[in-house]
Amino acid sequence: MNHSPPCFDEMFAEDGSVRPAYAGYREWLHGQDAASLRRKGIEAESFFRKTGITFNVYGDNAGEERLIPFDMVPRIISAHEWRRLVKGIEQRVTALNAFLHDIYHRQEIVRAGRVPQRLIADNAAFLPQMLGMAVPGGVYTHIVGIDLVRTGPDEFMVLEDNARTPSGVSYMLENRETMMAMFPELFTKVKVRPVSDYPRRLAKSLAACAPACAGERPVVAVLTPGIYNSAYFEHAFLADQMGAELVEGSDLRVVDGRVAMRTTQGYQPIDVLYRRVDDDYLDPLSFNPASQLGVPGIMDIYRAGGITIANAPGTGIADDKAIYSFMPEIVEFYTGERPILANVPTWRCAEKDSLAYVLEHLAELVVKEVHGSGGYGMLIGPTSSKKEIADFAQKLRAKPDNYIAQPTLALSTVPIFAKSGLTPRHVDLRPFVLVSPKGIDITPGGLTRVALKQGSLVVNSSQGGGTKDSWVLED
Amino acid sequence: MLGRTANGAYWMARYLERAENTARLIEAGFRMALTRDASMAQEEWKSVITTLGQAKAYEAAYGPDYAGERVWNYLLRDKANPGSVLAQIEAARTNARSVRTALTREVWEAINEAWMVLKDALARPVREGALGQVLAAIRRQATQVRGTFDGTMLRNENYNFTRIGTFVERGDSTARILDVKYYVLLPSLAWVGSSLDNVQWESVLRSVAGERAYRWLNAGSIDPKGIAEFLLLDQRFPRSLHFCVDKLRSNLFGLAHEYGHETEAHELLRALGTQFHHTSIEQVFESGLHEFIQAFIKANQQVAQAIERDYRFYA
């Protein structure tokens, strides 16, 4: 079925003319022949395999390494569009950090009645261990991914905040490398802002968050769950590019009041730990006692100011979709400004009237679990069968707190290079944001995810989505 | 550098070296078997398996039947064999992946490619007609990794630990090849001549890629003492025990230089190096070739263990 509403295509206007941001690319494309482009596509895949840019899939064929499909038509954002996005993202990330600080201290926003107490106290991602803790530099979420969708020329909306551990930045970098290797002449023709200095910016931003006890050149390490984790490639990639050690829990222990890594020369203290291990596994003494992935006692050292953990434990609460629905209030409460970037309208099924509305309109809505991610456990009304909808309604009635609903958005499209030529597919965009006491730094670009199936709105790589190189044009 | 990373780099190199050595042994065995009748050929294949220390596991799976095609498939790709070339390449790649940050991109890509190419080449049983090609592919992939390693790696601790892995493994391998064949070499010390033994000697040389170098150095005359001297004591031949010991010394020296102090491993190795320096082939035969080799294997292992301890490979 394909009753999708007419949607905004970022490359072509309704009359078939090319939009200004894509003019240079389009001109170049005209000079290419389809067969050689197709060949390049195959080259790109073998390039990814050779480099080992793969992700591991959980479940069936566990341990198998897969490629995320790469589409060679870039997603292009004009300098003007980007400027506005940057302002909106800065505002949102500032509010997110203020919110996180507040809920782990005085909870003014709850006292003011703007966010219900139960959404925080009853939230599994809320960590009482973090209450009253002074985190180094006052920063909670150091690396943020803001998922944006577009529905019109000027309509960008935030679909999701990723304040916990946003992944995918290695694809932003490798997609660009691949494009530049395949089509070097394209980059002399169209002026694209570089992304390749992201690792350097990340290293700088993390070093700026070091605790007071750190030396002049803070020691930064990346903590990975290990080579079987789905994002291991990215962990190794970032550590390598930053010149930081890539550590596992078994390399670390508490020595003389510091978290230290076992080097060939004995234990060496770490100042900043960029951890890609979930909160729950971080410290078996404070959280999940069965964890082998973390460091016993790290939370004590953290509390004493002996290490910076990025992102801070307990930031995941900001990713919660029920909290998300309050983001306009949250932005206003902490910045005193109206949000520059809109939220997608959201019904909280925990509220009686909303639930009734959602149940009645399931066939038109997208329903998501509040704690869910990766495109799992959601209902997309318009593409679901009657039975699927009826089954989902039961789940929804049984546990309304667990869900939010949103209208099925007419997500913008960007063409992909398919067998039949250029054909439009839905996209989203995840820019990567770095936060330190020295400021907010947004790399011009991000990860564009693209639904490869016609009409599909699901862009998650775990659900068969692909990626594109994302360009921000120079002024 | 993390102790775990040093460990991973070291084992990556050992597995790669082992895969290549296994391929060379199969190649030598194959050539020997071609010149023998069926039952003698089985003896040759059995000796290949014994050299690799896999006789017990092999017989547990297939009994005492050492048919060539079965043996080489067992050594190359059998799922029941955790020491197969395929398993070793996989282990090398897994180790490389876990120490990705200690390697240059080119080294990692060479190892990843070796794994992709060999996984493909070993996806189906290897028939006699294809064996030569498959063995050449293994050697070529190993050579490619070595080449990118040599051409792109900084000469620091990462480099030293990786090279130490290579030479611990290589010394051990050459020693074991000699040890299995010493009974062939020994009785013929007194007399030179039978064509059968000439073929055996050639095969020993071939399994360490030394036939040409040896012939060149000895003007074509093959005698057991000369071969033993060549494989044990010649400092110029890259697979001799003495060469491996020298390389261990220079890489351990690199570590001492970088870290500013020596460890127990240095002491052990110094003793071993001195021994090699002051031993002649006559003395080796006098005190027993087998005993000499066994003592080397043990000393080599002790050095390896000391390195693991001194440099905190494990928690």
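How many Å separate the centres of domain 1 of chain A and domain 2 of chain A, taken over C-alpha atoms? The answer is 27 Å, with domain bounds that come from an automatic or database domain assignment. This is a predicted model, where local features need pLDDT of at least 70, side-chain atom pairs count only at pLDDT 80 or more, and totals for chains, interfaces and linings use all residues. Residues are numbered from 1 along each chain as its sequence is written, while chains are lettered from A and ligands numbered from 1 in the order in which they are written.

Chain A splits into domain 1 (20–344 + 409–472) and domain 2 (345–408). Each of the two puts 14 residues into their contact (C-beta atoms, placed from the backbone, within 7 Å). On the domain 1 side, helix 12 (residues 321–324) of chain A gives the largest share, 3 residues; helices here are DSSP runs of H or I, at least four residues, and strands are runs of E, at least two, numbered from the N terminus.

Now for chain B, which has 15 helices and 0 strands. A compact globule of 315 residues would have a radius of gyration near 20 Å, so the 19 Å of chain B agrees (taken over C-alpha atoms; the rule is 2.2 Å times the number of residues to the power 0.38). Its C-alpha trace spans about 55 × 50 × 35 Å along the principal axes.

Between the chains, 20 residues of chain B meet 19 residues of chain A. Helix 1 (3–34), helix 5 (85–98) and helix 6 (105–121) of chain B each give two or more residues to that side, and helix 6 has the largest share, 5 residues.
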